[in-house]
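Okay, thanks everyone for coming.

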Amino acid sequence: MLISGSILSADFLNFERNIRELEPYADAWHVDVMDGHYVPNISFGPQFAAYLAKCSKLPVSVHLMVKEPEKFVSLVPKTVREVTFHQEATVAPVRFCAMLREMNFLPGISIGPGVHESSILEVLPFVHHVLFMSVEPGFGGQSFIEPVFEKIKRLVKLCPDRNFEIWVDGGVDMFWGEKLKEIGTDLVVMGSAFFKAKDPGEFGKLRG
Ligand code: DX5
Ligand code: ZN
């Protein structure tokens, strides 16, 4: 399993130093873009992802928590590898996946904690990953919503030959990380647990 550090919890007063220090303990970086409409918070624009490419060699993904993600995609730096969007935020998720692939981004669909997995089944053939939100999107530092764990298990069971990755985002700590690894999660996004850890090396047992 891979760990993607959610930079929403980074030390912005010492951003570059913080990223360089923690780079050995992460496999990727996760940039949360919020528009104040789809979620009740505003973070940074997709352009922010370019700063990471300047101080880290790790792959970067952008998580678009915005309405009409089509309008933002031209702002995503070319250095970004994956772009994740929320199905409810677009009227044409399949077309948007194609648009992202044409732009050389790997498309991912995100599913909120209160949304049933059956609502994304038709889009699965077109995505690189499914990002299960295990908190309501909009803020870091929230607790993992337990029923999401069963939902992930259901989708994993439903798709034994899946050709998409399973990502989980929100409230992941060591406890949930171990459980998620056991059920075949490919990547966990970690914000507060990772950036505020006394010893980020402890998460080494979740990796690989
Ligand atoms: C929540 C974001 C998450 C968040 C994760 O809306 O999508 O990526 O930063 O942070 P933690 O791990 O603190 O829940
Ligand atoms: Zn996120």
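I'll start with the ground rules and then go to the ligand.

This is a predicted model, where local features need pLDDT of at least 70, side-chain atom pairs count only at pLDDT 80 or more, and totals for chains, interfaces and linings use all residues. Residues are numbered from 1 along each chain as its sequence is written, chains are lettered from A and ligands numbered from 1 in the order written, and side-chain values use heavy atoms, with hydrogens and water left out.

So, who surrounds ligand 1? There are 19 residues around ligand 1, and S6, D32, G138, D169 and S192 come nearest; being near takes a heavy atom within 4 Å. By class, that shell has seven nonpolar, ten polar and two charged residues, with Gly counted as polar and Asp, Glu, Lys and Arg as charged.

Now the polar contacts, meaning pairs of N or O atoms within 3.5 Å. Oxygen atoms of ligand 1 lie 2.7 Å from a backbone N or O atom of G138 and 2.8 Å from one of G171. For H63, a polar side-chain atom is 3.4 Å from a ligand 1 oxygen.

Last bit: salt bridges, where a side-chain nitrogen of Lys or Arg is within 4 Å of a carboxyl oxygen of Asp or Glu. The structure holds nine. In one of them R20 pairs with E16, closest N and O atoms 2.8 Å apart. R20 and E16 are about one helical turn apart because they sit four residues apart in helix α1, residues 15–22; a helix here is a DSSP run of H or I, at least four residues.

Note on methods
A polar contact is a pair of N or O atoms within 3.5 Å; within protein, one must be able to donate a hydrogen and the other to accept it, and residues adjacent in sequence count only if both atoms are side-chain atoms. Helices (H or I, at least four residues) and strands (E, at least two) are DSSP runs, numbered from the N terminus.
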